[in-house]
Amino acid sequence: MSKNLEAYDSALLGILQHEGQIAKFLDVVLGFLYRRTDFYRLMKSKDDKLGFPPGVAAKILLSAYQKYDDLTRKDDEEREKILQQKLQQESAVPPAAKIVEISSEPETASTASAKSTSQQKTGTANSGPSVGTEVSDPQPQSNPSPEDSKPGTSKSSKTEEEDPELVAKQKVFQSNPESYNGAIRDNYTWSQSITDVDIRIKIPKYIVKGRDVKVEIDKKHIKVSHKTDSGSWLQVVNDDLPWEINKEESMWTLVPKEHVHINLEKREERWWESVLTSEEKISVRKIDASRPMTDLDDEAQAKIAEMMYNEQQKRMGKPTSQEQKVQDILKDAWNAEGSPFKGQSFDPSKINMGQGGVVTINNQEDPVAK
């Protein structure tokens with residue numbers, strides 16, 4: 001989604017939190033168009049300079065809805081594809097079919113990076129389209145602590161990794177978009193991506209207004225309270241975060257009668273083993289470490305695209321991008337003054353490109369002697 005549109009998120013979320021319901025939020029937006037624009041004005045003649053022809057305004061609204069509905073369907077398909085790929089990773093996969101990997105510095109269970117599964121700030125899943133290509137982050141590795149090496153203490157990282165109960169729990173979490181790469185707890189669920197964390201804290205059915213909820217977000221602490229039916233305040237979450245966040249970029253919204261949705265932007269790209277320090281840790285080896293190509297910067301995307309193109313060219317017996325550049329240079333010099341091939345059509349078979357980019361002329365009859 002365009003970052004230009006995301007620039008309005010804070011203002012729009014403020015309206016949504018105040019109104020508390022999507023329907024009322026839309027009423028505010030359309031009411032603005034009614035009062036301050038000619039959106040609802042009909043053009044009665046060709047000379048009218050304001051308004052729209054009959055039915056055009058409605059088509060604009062429908063087109064905008066359809067645009068994001070289509071994106072949501074694509075997101076659902078991509079998410080299902082990722083889940084299927086994770087299930088197939090247990091079996092042997094031919095090297096040509098594996099996802100391209102990017103090398104990075106060694107990771108530990110407490111410092112590994114996470115996949116991007118961006119979440120819509122109103123409590124519904126909304127991960128960005130990955131254009132059908134994924135990049136796998138290196139799988140996090142657990143370093144045993146000194147206590148792990150002592151007899152009679154906690155399990156080793158290998159034993160923990162193979163714990164059937166732990167593996168079964170994470171499979172359940174991975175099957176739910178609201179706990180994808182995260183966990184399901186008694187009064188909240190959380191999911192994470194490489195850049196942010198989404199927490200959904202359950203609320204009673206009678207909570208329908210943003211003013212009935214208090215959310216305090218600090219760089220390493222969150223506190224959430226809501227009103228009770230008697231009018232007093234009940235604290236439901238008050239705990240530290242395991243890692244720092246960007247407080248200014250984090251936000252929350254209320255989904256009436258359901259939950260408070262908190263989106264936290266991570267200060268560093270890493271896997272979180274828990275969202276609260278008092279929470280039971282998850283197995284970071286069992287989460288999805290892949291990430292959409294669109295999460296990478298333009299330079300990284302271009303490099304991966306070039307690698308994929310070169311691999312495809314090699315399978316088809318065609319020149320890679322670098323070989324093509326060399327051929328283009330030689331083609332320009334083919335008919336230059338002093339070239340033994342001047343006056344002839346370019347024939348790449350007469351040129352041999354060896355290792356290291358060394359170019360030699362194949363042994364052939366001297367064209368000048370003809």
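This is a predicted model: local features need pLDDT of at least 70, side-chain atom pairs count only at pLDDT 80 or more; totals for chains, interfaces and linings use all residues.

Visitor: Where is Lys257 placed?

Guide: Lys257 sits in the loop between strand 8 and strand 9. That hairpin has three residues between its strands.

Visitor: What is phi for Lys257?

Guide: Phi is near 70 degrees. That is a positive value, and Lys257 is a residue other than glycine.

Visitor: How many bridges join strand 8 to strand 9?

Guide: Five, and the two strands run antiparallel.

Visitor: Is strand 9 enclosed or open to the outside?

Guide: Largely enclosed by the rest of the structure, because six of its seven residues are buried. Strand 9 covers residues 259-265.

Visitor: Which strand pairs with strand 9 over seven bridges?

Guide: Strand 4, residues 196-202, in the antiparallel sense. There, Arg200 has His261 in strand 9 as its bridge partner.

Visitor: Back to backbone angles. What about Asn181 and its phi?

Guide: Asn181 has a positive phi of about 65 degrees, and it is not a glycine. Asn181 lies in the loop between helix 6 (164-174) and strand 2 (183-184).

Visitor: Buried or exposed, that Asn181?

Guide: Asn181 counts as buried, because its relative accessibility is 0%. The cut-off for buried is under 20%.

Visitor: New topic, helices. Which residues of helix 2 are buried?

Guide: Helix 2 spans residues 9-19, and Leu13, Leu16 and Gln17 are buried in it. They lie on the same side of helix 2, because they cover an arc of only 100 degrees around the axis.

Visitor: Why would residues three or four places apart point the same way?

Guide: An α-helix has 3.6 residues a turn, so residues at that spacing point the same way.

Visitor: What covers the buried residues of helix 2?

Guide: The cover includes helix 3 (22-36) and strand 8 (251-255).

Visitor: And which exposed residues does the face turned away from the buried side carry?

Guide: Ala11 and His18 are the exposed residues on that face of helix 2.

Visitor: What comes just after helix 2?

Guide: Gly20, with a positive phi of about 85 degrees.

Visitor: How many bridges between strand 5 and strand 6?

Guide: Six, in the antiparallel sense, with strand 6 at residues 221-227. In that strand, Ser225 stands opposite Lys214.

Visitor: Last thing, the inside. How many cavities of 30 Å³ or more?

Guide: The count comes to two. The second largest cavity holds about 60 Å³ of space.

Visitor: What lines the second largest cavity?

Guide: Its lining residues include Leu166, Lys169, Gln170 and Phe173. Arg185 is another, and Glu280, Lys281, Ile282 and Ser283 are also among them.

Conventions: Residues are numbered from 1 along each chain as its sequence is written. Side-chain values use heavy atoms; hydrogens and water are left out. Two strands pair if DSSP finds at least two bridges between them. Helices (H or I, at least four residues) and strands (E, at least two) are DSSP runs, numbered from the N terminus. Buried means under 20% relative accessible area, exposed over 50%, partly exposed in between (1.4 Å probe, protein chains only). The arc is that of the directions from the helix axis to the C-beta atoms. Contact means heavy atoms within 4.5 Å. On a 1 Å grid over the protein atoms alone, a cavity is a set of points where a 1.4 Å probe fits but cannot get out, and a pocket is an open set with protein on both sides within 12 Å along at least five of seven lines; lining residues have an atom within 4 Å of a point. Grid points are joined across faces, edges and corners, and a volume is the space filled by probe spheres set on the points.
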